[in-house]
Amino acid sequence: MSAVLDVSNLSKSFGGIDAVSNVSFSVAKAELLALIGPNGAGKTTCFNMLMGQTKPTSGTVKLNGETITGMQPRKVWRKGIGRTFQITGTYASMTVVENVQMALLSHHKRLFDLRAYAHKQYKSEALALLELVGMQDQSERACAVLAYGDLKRLELAIALTHDPILLLMDEPTAGMAPKERIALMQLTADIVEQRQISALFTEHDMDVVFAHAHRVMVLNRGELIANGSVEEVRNNAQVQEVYLGGGSLYHDEEQETRA
Amino acid sequence: MNITRRWLLAGVTALFAFGAGSVTAQEDSIKIGEINHYKRMAAFAGPYKLGIELALAEVNDAGGVLGKNLEFIFRDDQGKPGEAVKIAEELMTRDGAVMLTGTILSNIGLAISSLAAEKGYVYLASEPLADSIVWEKGNEYTFRLRASTFMQASMLAEQAAASGAKTYATIAPNYAYGKDAVAAFKKALLALQPDAEFVTEQWPALFKIDAGAEVQAIERAKPDAIYNVTFGGDLAKFVREGTTRGLFEGRKVYGLLTGEPEYIDPLKDEAPEGWTVTGYPWYDFTDGSNKAFVDAYLAEYGERPGIGSLVGYMTVQSIAAAITRAGATDADSLIKGFKGLDVETPVGKIHFREQDHQATMGAFVGTTAIKDGAGIMVDWEYKDGADYLPSDEEVAKLRPSK
Amino acid sequence: MGLFVAQLLTGLANAAALFLVASGLSLIFGVTRIVNFSHGSFYMLGAFIGYSLMQVLPGAIGFWGSILLAGLAVGLIGVVVELLVLRPVYKAPELFQLVATFGVILVIQDLALMIWGAEDVLGPRAPGLKGIVRIMGEPVPKFDLALIAITPFVLFALWYLISRTRVGVLVRAATQDREMVGALGVNQSWLFTGVFFLGAALAGLGGAIQLPKGGADLLMDFNILASIFVVVVIGGMGSLPGAYIAAVLISVLNVFGVAYIPQSTLVLMFVVMAVVLTVRPYGLLGREEVAGEHGQVGEPDKPIKPAGWMARIIVLIFLVALGFLPFVAEPFFTILATDVIVFCLFAASLHFILGLGGLVSFGHAAYFGGGAYVAALLVNYANSPMELAFLLAPIGAGLLAVIIGWLCLRLSGVYFAMLTLALAQLVWSLVFQWDEFTGGDDGLVDIWPSAYLSDSTAYFYFTMVFGIGGILLLRHMAHTPFGYALRASRDSVRQAEATGINTKRVQWVAFSIAGAFAGLAGGLFVFSKGSIFPVELEIAKSFDGLIVVFLGGVKTLSGGVVGAAALTLVQDYITRFEYWRLALGLLIIAVVIIAPKGIVGSINALFRYRFTRGGDEVKE
């Protein structure tokens, strides 16, 4: 089985403090992989290094065998990684559907088109993606007035615009009601299944993780302390200690809401 | 929908503004468009305007010109040439002005002069000094009243040549007027005294002089004499630093325009002593037309006249005489009226030359001194401008062929 | 050696006033994020008030007392300005406050003229310090030595205030994180007022303390502005020691510049700045600006849609009506309308990067004037036909924008703005001082259009085609994929970069396009006026552009055009009056306070409120 994403010995230190140290793992095709860990464990730093927002101190990242370490995010995106963020960063001055159209325009390399009307381009594709994430009825609303959970779903639609081979989802269900979370993760699982793409996500809600993830990795203080099936991780003594010490493994603590 | 409203709003605003000023000009007077930097250069434009108003009252009391009253429309150009051009158009096409006059700043004078030639308006450049207004950029429609940079610099060069000084330092604001003034002085001095040497040239940025540094730089060159073109706040700072640091001790200094009340009065008792300058010794006239003008001005306004007052007064006199001589107010007639015109003024008879449209108004040259806590000129003499203009052949070479 | 030391001392003495004024600007910016254009006016007021006090108060105590009182008085004036003018608009879009401070400049200019008259005043000399001391044989004024001694004390006092007192801790905290100060339970608005007092007082002190080296005049306010901006930027915004080092650096270099390259003193300062910012983009002691995670500050813009058919028809009718103007109005109105259209195009080009791109350029006049100069130089030296020169105006200006944009876009936010200002000033000083080529201050004249356009009416139609055409083209671009990419780069750089958008390149292209259209406006301008002068490249011209864009409404599509038309027309009318600057200044301040979203933004908001009762589905 060839890995879609292959990460080896990835490290990052900020001013002498190791945020992530020697993390190695791989993501298989059509795998839904969860990365969990307490706050400050280094999950977001890890994601940032995968997609190029942060340059690693050492280590390599390979996508389908090609090294993409330290590449700029926009180039990584073109290689086929789509990403959603922990704190959303959609275009507040555009409507929901325009946000998706913007990504489609980028995908079709029409950013420097100075003639066509942007709002007429790829509209049906954009609406189809919105329908997929259940946002079609809000397509003409201004992004600035959306509920946070809806922004998360919009980001997912945007991340899917270029038919990625790998999805990186940082806290995809933050700000959602429990029912919505389950629905969104079910949707993600379906997408992974149908489109045969891989997805790596971080999540605080362990119900969500254990219900949907094919495999779970646990990060603590920048180090990978567990990597295996849901059952294996659940029963891992070290993991339990980390969670009993710092937070809760089964409780949902919504700590990182919108800034 | 909001775009609609926005455009409507803009349209209404525009129409309102267009309608607002549609007062038709009255036909019972001859109007002259006067453009100046009333705000930007208030200290200079103020006395100038008073001089104009004094002369206007006299002209109109005496029956006006061509049987009508002479009227000036004063407009402020904010010191912007583009604005001045717009105002000039408005004055000529809407307010019914028959010709244009005004400006102190040379660049605005040049802008209006160019417009005048393009559109066929007559323009009397009253105060701007740039030589190019009548020479390199001269045109058929533009005349100039005041003694130009070249003329005044030549007067000082004549004095300098007689002083025996060999090495010179120059200090002038780093813009067109300063450069013209230095070039003219050099040319005139070297013609009279070929062995004169210019050991340093200082070019402080206009109104941003670093006086201490300038004084040190000049002192370093150890010149026999200094030629100064700075004015306004720059002059004050230069004089103070120079005096404090002893720059002027044992040196001859020649100051262009330094003796004009607008420039020397702010210096009060710190005015430099013993400089040879051009200026306007209004306090020193004992008789004649100069005295009569000063008395009338003092009686009317109760404040001292500046050089601007004199120029403003003479501007009206020149225009009135030109219109009377022309007998009509169309451009062609006015040009005929100005060319070769002789006007009796407070400084004597002046002549608008046919070859370059420059008037022969001269300047007062004297030595600075301090009296009652204020800078004045002593041992002054009026130099007729006609004696300091280049020969006709040279002028013909300077002016563009038509 | 003696001369060298003397020159060094002169430079240090000159740095005193510059440091005082610049440190005030730096403090105000650091805490309130307000770019205070009126800081030069505080400096001027300090000089005039100090002068008046010195006439009354005798002796050395009177002299030094006057300086302190002048600082105090100007500080209080600063408080009045802050309370009356700025406090009502803190919630307005970022940098909107600079429009209000511009209004303050105009008001103070006319008030100073009313109170102190038009004539320059020469400052009195410092009692007891009139003479010189000989150092290594070179004369050094005693007052210079006093200044050199005083400045470090002021710096130390400020440093103590900032780093050792509770107020100072709050100021520092506010410089780094304003929300945090609010969270600490500190009344933020009084902190702002206090900082404004201190900043203005420092400017006033600077104005009063330089009196013995010069005096007071009505042009001081603008004359010092560029220098203090340069000092603040070189030192690092918000850094007091940085401001001191930069003031000394600029002043000392200037003294040696005067001695060795007297022709190029103006250029020198901006070259130093460009070099420093190339090596240290945030100034000598400045910190990297922590940009917000989501681009713009404040309420996000509303979504835009191309105009509907109704709006298009109305615009068309308006344009046709405008086309009939020469037939129904006096000839002058076609000239005025030409001016209005040219300025509208200039404003629209600035609005393109400012509104859509969120890129605040403080030096947009460089491209307007640049385009005009390209055309004028071609006509002047190459005798190029008008049509060719006109065509090359936008191209030349666009190329200038390509270069300047490349240099500036490495920075963002206010640093970007300051660097555009500095480079525009560099262009200005080159044009101003290289008079063999550019004509310097006397400009280039006799740049008239071809014969068939020499009539004002013909040129009006020419301007309509290219000016309004340009405006519509810019407007169209806002709706194209490129316009969207530009807005995306403004709204969220992170998201844009994470979806394949090269935000810097998009912004660079947009900056160049804006420059080219400003150049087009410059080309139209130069042939309508027949001449071009460095004033069209000045800071004031750039400020004019900024002001109309903000006044019109930065977050609306037509804000720049409406603001430009309104201001030009109001100005044309109001300048006929004696104290027009006072009136215009008050008008600008009134608009700023009543309509903090700008003219168009506020009208939109009004209608939106009336007709939709606060719904969120309103389209532009």
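Guide: Let's start at C:Leu378. Setting aside the neighbours within four places in sequence, C:Leu378 is in contact with C:Ser384, C:Leu388, C:Ala389 and C:Leu392. Two residues are in contact here if their C-beta atoms, placed from the backbone, lie within 7 Å. Before we go on, note that this is a predicted model, so local features need pLDDT of at least 70 and side-chain atom pairs count only at pLDDT 80 or more, while totals for chains, interfaces and linings use all residues. Residues are numbered from 1 along each chain as its sequence is written, and chains are lettered from A and ligands numbered from 1 in the order in which they are written.

Back to our residue. C:Leu378 belongs to helix α15 of chain C, residues 365-382. Helices (H or I, at least four residues) and strands (E, at least two) are DSSP runs, numbered from the N terminus. C:Leu378 counts as buried because it has 21 C-beta neighbours inside 10 Å. The scale runs like this: 20 or more other C-beta atoms within 10 Å of a residue's own make it buried, 12 or fewer make it exposed, and anything in between is partly exposed, with C-beta atoms placed from the backbone.

One of the contacts leads us on. C:Leu392 touches C:Leu378, and α16(C) has a kink of about 30° at C:Leu392, shortly before the proline C:Pro394. That bend is the angle between axes fitted to the seven residues ending there and the seven starting there. Helix α16 covers residues 386-408 of chain C, 23 residues in total, and spans 32 Å from first C-alpha to last, close to the 33 Å expected at 1.5 Å a residue. The expected span is 1.5 Å times one less than the number of residues.

Now step back to chain C. Its domain assignment gives domain 1 (2-279) and domain 2 (309-552), with bounds that come from an automatic or database domain assignment. The C-alpha centres of these two domains of chain C are 33 Å apart. Where they meet, 22 residues of domain 1 are in contact with 20 residues of domain 2. On the domain 1 side, α4 (97-116), α9 (220-235) and α11 (265-279) of chain C each supply at least two residues. By class, that side has 20 nonpolar, two polar and no charged residues. Nonpolar means Ala, Val, Leu, Ile, Met, Phe, Trp, Tyr, Cys and Pro, charged means Asp, Glu, Lys and Arg, and the others, Gly among them, are polar.

Two pairs of chains are in contact, and chains B and C share the most contacts. Here 76 residues of chain C meet 70 residues of chain B, and the chain C side divides into 43 nonpolar, 18 polar and 15 charged. With chain A, 32 residues of chain C are in contact with 37 residues of chain A. For that, α19 (456-479), α20 (481-491), α21 (493-498) and α22 (503-529) of chain C each give at least two residues, and α20(C) brings the largest share, eight residues. That side of chain C has 13 nonpolar, nine polar and 10 charged residues. Chains A and B, meanwhile, have no contact joining them, and their closest C-alpha atoms are 17 Å apart.

Last stop, chain B. You'll find 13 helices and 14 strands there. Its radius of gyration is 22 Å, close to the 21 Å that the globule rule gives for 402 residues, so chain B is as compact as a globular protein of that length. The radius is taken over C-alpha atoms, and the rule is 2.2 Å times the number of residues to the power 0.38. Buried residues make up 61% of chain B. Chain B is also divided into domain 1 (29-148 + 289-362) and domain 2 (150-283 + 364-388), whose C-alpha centres lie 28 Å apart.
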